[in-house]
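Visitor: Could you take me through this protein? I would like to begin with the terms and then go region by region.

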Amino acid sequence: MDEPSGRPLSCEEKEKVLITWVEIRPVFMSPVCILHPLKEKLAFLKREYTKTLARLQNPSGSCPVDVSAVWWEIAGLKTPCIITACEYVVSLWKALDTWQWEKINSWHFTEVPVLQIVPVPDVSSLVCVALGNLEIREIRALLYSSDGAHEKQVLLGSGNIKAVLGLTKRRLVSSSGTLCDQQVEVMTFAEDGGSKGRQLLMPPEETILTFAEVQGLQEALLGTTIMNNIVIWNLNSGQLLTKMHIDDSYQASVCHKAYSDMGLLFVVLSHPCAKESEPLGSPVFQLIAINPMTSLSAGVMLYCLPQGQAGRFLEGDVKENLAAAVLTSGKIAVWDLLLGHCMALLPPVSDQSWSFVKWSGTDSHLLAGQKDGNIFVYRY
């Protein structure tokens with residue numbers, strides 16, 4: 001739709017143009033066309049997602065908090081490994097074969113419990129963890145060599161940390177402090193796991209909930225805030241480029257992924273505070289399109305549970321065009337973001353509710369943890 005000659009579009013007309021374009025565009029091109037459709041894999045997932053590849057048992061019985069897949073150099077070879085985190089111990093596992101995994105190292109913590117694992121893309125033989133009680137108090141890098149000669153923890157930051165994310169190019173971004181002294185910092189890793197350099201980003205005047213890199217737009221970083229705003233930084237200059245308000249229908253929305261295409265941003269959000277509604281059911285994920293030039297946004301797709309299924313979002317992860325979430329019902333649900341369908345529902349094993357779910361960053365696996373401390377590896 002061209003702008004009428006002789007006068008600029010009004011705000012209402014611009015919004016209509018954006019909404020019309022977003023609604024029509026998926027007919028000709030996927031709103032996340034930079035992703036590769038995985039229809040064959042999704043069909044396989046629907047048939048065989050319940051086939052367990054491995055079960056990592058936690059002999060301590062302590063509460064599990066997170067899991068991640070990383071690359072680790074073992075005997076001179078870069079090997080896909082799994083990192084598991086319980087309250088006071090983080091463990092590194094390597095595969096012996098398809099079904100058997102061996103724990104090769106553990107890092108122990110005595111004062112502050114582990115809250116989450118923070119994997120860093122493009123980095124092998126290193127993983128970060130966030131420590132704290134209700135909020136993050138410390139971020140540490142964990143290192144280990146297969147000969148056992150080098151095992152250590154490196155303190156990267158401490159204080160009142162609100163959000164943290166591992167970035168490409170060996171970087172880590174974090175937000176800390178209060179509104180009066182908020183600091184958004186990007187750290188680059190040295191080979192020994194320490195800091196090679198630090199860069200400050202211009203802080204927004206709002207508390208940051210999550211960060212996300214923008215796929216398809218180099219050196220762009222996105223953040224969501226407690227006021228339901230999306231902010232974007234230029235990682236080269238550290239400048240805060242824009243702040244955009246998103247729909248108030250769902251409070252405290254969390255951003256999982258962001259993609260750039262044809263001048264628009266496509267953002268995958270989850271809604272932990274959403275209430276179940278009819279006839280759609282409980283909304284779990286949502287894909288929205290944002291025009292950063294006008295700050296206008298429009299919903300593209302809402303991902304809800306199948307009819308007859310109950311539950312709200314507790315925790316989840318997004319990889320390419322697949323999203324997985326742990327629900328209050330204790331099940332795990334998997335969606336195809338392109339087709340909009342819930343492809344699979346994974347019930348708990350042995351009546352133990354699921355606690356968390358992550359997509360593997362090293363292969364085509366789904367990692368899921370139960371409250372009894374066991375971690376299951378599924379293929380998809």
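Guide: Helices (H or I, at least four residues) and strands (E, at least two) are DSSP runs, numbered from the N terminus. This is a predicted model, in which local features need pLDDT of at least 70 and side-chain atom pairs count only at pLDDT 80 or more, while totals for chains, interfaces and linings use all residues. Residues are numbered from 1 along each chain as its sequence is written, and side-chain values use heavy atoms, with hydrogens and water left out.

Visitor: Where is V112 found?

Guide: V112 lies in the loop between strand 5 and strand 6 (114-118). Its contacts (heavy atoms within 4.5 Å) are with Y88, L131 and G132, not counting residues up to four places away in sequence. The C-alpha atoms of V112 and E87 are separated by 8.6 Å, and these residues are 25 apart along the chain.

Visitor: How many helices and strands are there overall?

Guide: The protein has two helices and 27 strands. Of its 380 residues, 51% count as buried; buried means under 20% relative accessible area, exposed over 50%, and partly exposed in between (1.4 Å probe, protein chains only).

Visitor: Which strands does strand 4 pair with?

Guide: Strand 3 (residues 77-86) pairs with strand 4 in the antiparallel sense over five bridges, where two strands count as paired if DSSP finds at least two bridges between them. Strands 3 and 4 form a hairpin with two residues between them, and C81 stands opposite K94 in strand 4. Strand 4 also pairs with strand 5 (residues 101-108), in the antiparallel sense over seven bridges; there, V89 has H108 of strand 5 as its bridge partner.

Visitor: Changing topic: how many disulfides does the structure hold?

Guide: The structure holds zero disulfides, a disulfide being a pair of cysteine sulfur atoms within 2.5 Å. C63 is in no disulfide, and the nearest cysteine sulfur, that of C86, is 7.6 Å away.

Visitor: Is C63 buried or partly exposed? And C255?

Guide: C63 is partly exposed, at a relative accessible area of 39%. C255 counts as buried, at 5% relative accessibility.

Visitor: What is the strand order in the open sheet of eight strands?

Guide: The order is 16-15-14-13-17-18-19-20, with mixed pairing. Strand 16 (240-245) and strand 20 (296-304) stand at the edges; each has a single partner strand, so one side of each is left without a neighbour in the sheet.

Visitor: How do strand 18 and strand 19 pair?

Guide: Strand 18 (residues 264-270) and strand 19 (residues 283-291) are antiparallel, paired over six bridges. L269 has Q286 of strand 19 as its bridge partner.

Visitor: Which residues have the most contacts inside the largest nonpolar core?

Guide: They are V268, V284, F285, V318, A325 and W335, in a core of 19 residues. A nonpolar core is a set of buried Ala, Val, Leu, Ile, Met, Phe, Trp, Tyr and Cys residues joined through side-chain atoms within 4.5 Å. The elements that give two or more residues to this core are strand 18, strand 19, strand 21 (313-319), strand 22 (322-327) and strand 23 (332-336). Strand 19 supplies the largest share, four residues.

Visitor: What does V268 touch?

Guide: Not counting residues up to four places away in sequence, V268 touches several residues, among them C255, F285, V318 and L337.
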